[in-house]
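Let's take a walk through the salt bridges of this model. Have a look at the sequence and structure first, and then we'll go pair by pair.

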Amino acid sequence: MTIHAQPVDTHAELEPSAASEPSALKTLTAPFSAFGSDLYGLYTLLKQTLQAIARGQVDRESLVAQCYSVGNGSVLFITVTMTVLGMIMVVQSGLQTQRVIPELSLLGANIIQLLAREFAPTVCAMMLATRVGAGIAAEIGSMVVTDQVDALRMSGAQPVAYLVVPRFIACVVMLTALTFWSLFVALVAGTFAANTVFDLNVSTFINFSFVGMSDYVVMILKAVVFGMAIPIVSSQRGLTTFGGSEGVGWATTNAVVHSSVAILLLDLLLSIFGYLVFPPL
Amino acid sequence: MPIHFQNLHKAFGDKHVLRGVDIEVRNGECFFVIGASGVGKSVLIKHLVGLLRPDAGDIYLDGEEVSRLSEKALYPVRKKCAMVFQNSTLFDSMSCVENVALPLRTHKGLSMHDALIEAERRLEQVHMHEFCKAFPAELGDGLRKRVAIARALTLDPQYVLFDEPTTSLDPISARRVDKLILELSRNYGVTSIVVSHDLTSIFTIADRIAMLYQGHVRMLGTPNQFRSSPDPVVQQFITGQAEGPMEV
């Protein structure tokens, strides 16, 4: 016997009901609600990632591949950026200083402290957010829209452990390493600029007298926190992708924008924390 | 009934996709879910294995309500209820044999070595042994689909969900997939739920068919009952006519 299930009044369903129209209050609070939901999503993903690491759910092969991609793949990019930045910082700071006092013997000491506490970790993280963050969101987003993440769950593998953990560890480790590299590169480039533009000799410019352990602690702390923020923000964007290739595009753009904003906000918080807990010399 | 969707509702934002779907699937049958694109066929079967959560309604698998289980509690459900996705969904970074070995490692806890041996045996069953070491990107759609089916069957599931298994396949590969689905049902007693638009598949291997339309089950019956249905919406769909009462 044929079963004609549930006859449908199609016209009634197509007409939007008054109850479904969003209220003015709902419209006004929607961005805050979405922001709160995003923050909760980030917190949940971070918690799941740390739990997976604590349980030892780390695919070593994937971790090595990610370290190579994040670290080695970014060296040239970071080197060029920090070379230019190091030279510009020295020239601009030197010219400004000369307007007040014609004496540049402490230029190097100030620049090195500024690089260590601020520019090396922050600029390095911003560069990584554009290169690595976009890649993470695009890769995971593509897997989501082609059901590969669902296939992982069906195969008994946890997407967070399989996709996020290797990228998370790789970003933390390699961003810390790249921060030290950034400091070194900017210092070398700055020394060259100081010598060329202001005729400062190398021994005068390379002056670590203003840099103490607290500066390195702040630098490493920033590198680690930024290294956690980039993969978490980007992975969360990727994992919440919907709507095919257009959705992947949005996720990628959002990953870069949100990672960059997160880095700047975290930088502000960590700088305040650093000046209170680890005051500069 | 081993599988029962009861008054299932699901909305994505303002779009109410499922509006109270009731379907029961019998043991060992080859059950097809048909309907226009975007009507919620894939959404429906994804609920059974917890890939989506319903807004309202219940889903019973072997008498157990599964729609509110935690991710961890869904592991045994996903072990006995495999799914073949529309896009094959093989992992690009793994070779074919590694793809098939993954569920054996995660669900059965086999070592990598043992899982790979078992995976090779499984690939041999679907005549894909020569492609063990190949990566998905090196294979065509039909071959990728066969590897995906091998991966889904690797845990000897009682239930298999096929999401448009013949889409993008040539007619010969499509009929081979049909044959495989039928063999699973007839020879091994596997219950299959197949989401499909492929009219040849539907009228060749389906035991029963449910047609979804505007969030509801429009009709549920055997292929013969569908052929003789007086419902103009059903007739338009199964005859593939562009003009008719169906709103897409």
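**Salt bridges, pair by pair**

Arg186(B) has a relative accessibility of 46%, so it counts as partly exposed (buried is under 20% relative accessible area, exposed over 50%, partly exposed in between, with a 1.4 Å probe and protein chains only). Its partner in a salt bridge is Asp207(B), with the closest N and O atoms 2.9 Å apart; the term means a side-chain nitrogen of Lys or Arg within 4 Å of a carboxyl oxygen of Asp or Glu. Arg186(B) sits in helix H6 (residues 171-188) of chain B and Asp207(B) in the loop between helix H7 (199-205) and strand S9 (208-213), so the pair ties together parts 21 residues apart in sequence. Helices (H or I, at least four residues) and strands (E, at least two) are DSSP runs, numbered from the N terminus. Asp207(B) is partly exposed too, at 23%.

A word on the ground rules: this is a predicted model, where local features need pLDDT of at least 70 and side-chain atom pairs count only at pLDDT 80 or more, while totals for chains, interfaces and linings use all residues. Residues are numbered from 1 along each chain as its sequence is written, chains are lettered from A and ligands numbered from 1 in the order in which they are written, and side-chain values use heavy atoms, leaving out hydrogens and water.

Over in chain A, Glu139(A) and Arg167(A) meet in a salt bridge at 2.8 Å, N to O. This one links helix H4 (residues 107-145) with helix H6 (residues 159-197), 28 residues apart. Glu139(A) is partly exposed at 42%, whereas Arg167(A) is buried at 4%.

Over all chains, the count comes to 26 salt bridges.
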